[in-house]
Amino acid sequence: MTRECSLLLPRVCAALADPRQPGTDDTCLEKLLDWFRLLTKFDPSVELLQNNPCLTEFITSILALPEPSPSILSFTLRLTGILAASENCFQHLQRDQLLVRLFGRDGPLDSALWRDALVRSGWVSGVHSMVQHQPALHLLCQGGGIDVIFTLQGDPSLFVSSSASQLLVDMLILSLETETTKPVSTKDCDWPACAQMIVKHIEDFLQSSSASHTEQSLKLLTNLFGSCRAPWTEVLWLSIAKQIESFLMEETVQVQHMLADLLLRMAWSPVFCDSEGSFWTLVTSALEHLTPVQAGPLAVGLLKLYKCPQDVRIQALTVLLQPMDCILRAASQPLEYTGLLDESVSDPITVEGLLSSKSSCASLLCQTLAHLEELLSTNLREDLPCVSLLRSVVTILQLCNGFLSPASPLGSTISRILIDCFRVQRSALDVLAELSELRGCDTLIGSLFDVLLAYLESPNTNPTVLKKTFRATCKWLVRLQELSYSNGQWQHTEKILKDVFLVLQKRLCSPCWEVRDSSLEFLTDMIKCLSDQDEFRQSLLSSEVLRLTENLLEDPESYVRASAVTAVGHLAVIAYFAPELPVTRNQYNKENTAAKLQEILSTDPEGFPRRAVISIFIEWLSQGCTGQLEDTGQFVSRVIQTVQHDLDWEVRLGGLELIQDFCHQTFCQLGLPQRPDDPVSSSVTSSIPESKSLQIFCQAKLFSFLFQSLCDCDKTLGQRACRILLDLSNHFYPLGTPRDLDETVDLPVRHSIACLQRTLRQGSLAQNFPTDGVDFENPESMMLALGTIDLIELYDELNKSSDHVEKSPQSLLQDILATVGTIEENEADCY
């Protein structure tokens, strides 16, 4: 600890202990605790307390107060726990009985302050920090502290109860790791005293008639088996396994919903997943006896476990597919198809009952579909019966929109429940999108698109559901294109594309802005995925989509204008910049499109459309859509002149990204490496292209924006601009090249560059920019600036955090003093 901290710490302790103070800012107290944690981590010796007696004096003074504030008492409990984490410091504090008075029976437990959750939380946190060694365990077991923790497991504060449960887990682990010398057995005498108390507490609560007590024990066991992989956990399990099994068999027990999580945590532990004992038998029993809603999370977790036995894996998959199987059976016509499964795990009547109930049908289907989507996004997708699963998902979508009239009574009931159920529609469409990645579903693709187009056309489709439908349609269109290549059914593909564009044209004219926005995003996604397909491009260019999309550049809603900009930008790539495709409408051309987007960049009052424009311009540049090098330079120059005055920092950042890409592209087109490795040979052989590139950059008026960005109030822009200037400096002055090469540069120019450097050092505090006399379009001046300005120093300054000056122990303690009112009343608190 520095001398300044040692001087300030007594004042801080005195201020915190002063009962006349109204209270202290919680953020400052938390930062002070963080500081002590760091301090004790690097210096856990007792010298911290010996050299700073004010700490023990502070704890004593708080204990002496009749009614300390809850925040100060909580702080004291947590601070003491941090200090007592070292065994030497623990003994030092215990000499004055401070720990017993804080964490024992005679502590704050009997005071009125204990009713405050902040104090109870501070007590648990302090104990948790302290319990790092055996003396702390003994103190809690002998001083009654462990009974307090047992009680706090059921605390009304969720934060306190969960912390108490985790504290018992850590105490049990510490006790068995530090107090045993041989493997433990199920006999009580083989377990350390602290471990015995906790295990007995677990067993008593499991056998309790109170559901809350049973839940507390199950929660503790779930945390334990999830965090500890020691062999002794199996010994503990053997002593409670019968009781856990009884919970599965008794339908009246109210804690079955917690068993799935417990068994799943155990299954992921090598102690249990590698065993051949009764554990897996219990897991299969759980899959059979838990309700489908309870068993679903367990099933999907087991399927992700590669060590799961094959028979258990099949059973878990059956649990997930059972609701889908029931849907298929209930909705199918007689003798059409029977379902997904040959046999069920649990009684089919249970699933049918849940699906025929309005209160449970949607929840069960949404959970099942979410689990299936999760599996489809992993390498487990091949285990799923894709054709039957796809048929089931399509059936659900048909039931939700009234496209299917089931013959069975159960199917009719489910259909009435699911009509216009947005939750189920969204979940089913997510699974449908993922199923496009599976092979073997080709026979259903016709009926699949019938359902998708019906959803796209229906005026009753919810905007969120429509967005999901667009996503699924795009993914299946990609799959359709792949199938067309393999089977040559182009006419079928062209018809579907024509139908999609007809629907899209209607949706682009929707009175609902969310629908117009989603439609534009769908169009952009299709272009990204399918623009290399001739059939898609021909269908697109022969539709009214281009005209309607350009009309939406003037939409009253800024989100729609931004999406329209993105769509128009991608449309331009295939409509105007692709010479192999004749444009059928002469009124559309790339110059008009670029001019419209440039106007939006200059005049749109909202930031979203302007950000979209700069993103599209970057995209055009990266794809080489801006013409020859000279044309590209003019294009970039026009954009930069607009962007540098924009008030939106993201637009300005996009301008810097455009400059970075332009510089890289220029070097490549001139045959120059972006960062020459050989300074001598490159300076000799490429002097003309080097000079040409610098001239191009100056003509494009890049340097004014780059240097000005170094003083931008947004640090991200300064960092990006400085990185670009550093790359340019390293390019024109490779490693080992003298920086001051041109002595013929006029003295006034040198003086102006020196003034520029002084301005740049002021950063965002600079008052005037650009500096008078600096010609940012003069190659000689810019060459001199790149060679003489210390860009590395500027970059280091920009990378410093904003609080690097004040973020110190001394400053922290001064802030603590400020918040407890020991300095001028009007002084600002930095927090």
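Let's start with helix α14 (residues 232-249) and helix α17 (residues 279-289), which pack at an angle of about 20° with axes 10 Å apart. Axes here are lines fitted to C-alpha atoms, for helices over the stretch in contact, and angles run from 0 to 180 degrees between N-to-C directions. That angle makes α14 roughly parallel to α17, a label for angles under 35 degrees. Who makes the contact, meaning heavy atoms within 4.5 Å? From α14 come Trp 237, Ile 244, Glu 245, Leu 248 and Met 249, and from α17 come Leu 282, Ser 285, Ala 286 and His 289.

A quick word on the source: this is a predicted model, where local features need pLDDT of at least 70 and side-chain atom pairs count only at pLDDT 80 or more, while totals for chains, interfaces and linings use all residues. Residues are numbered from 1 along each chain as its sequence is written, and side-chain values use heavy atoms, leaving out hydrogens and water.

Now, how many of the twelve residues of α15 are buried? Nine are, so α15 is largely enclosed by the rest of the structure; buried means under 20% relative accessible area, with a 1.4 Å probe and protein chains only. Among them are Met 258, Leu 262 and Met 266.

Last, take a look at α21 (residues 361-376). Twelve of its 16 residues are buried, including Cys 361, His 371 and Leu 376. Their cover includes α18, α19 (310-331) and α20 (348-355).

Note on methods. Helix = DSSP H or I, 4+ residues; strand = E, 2+ residues; numbered from the N terminus. Parallel < 35°, antiparallel > 145°, perpendicular 65-115°, else oblique. Contact = heavy atoms within 4.5 Å. Buried < 20%, exposed > 50% of the residue type's maximum accessible area, 1.4 Å probe, protein only.
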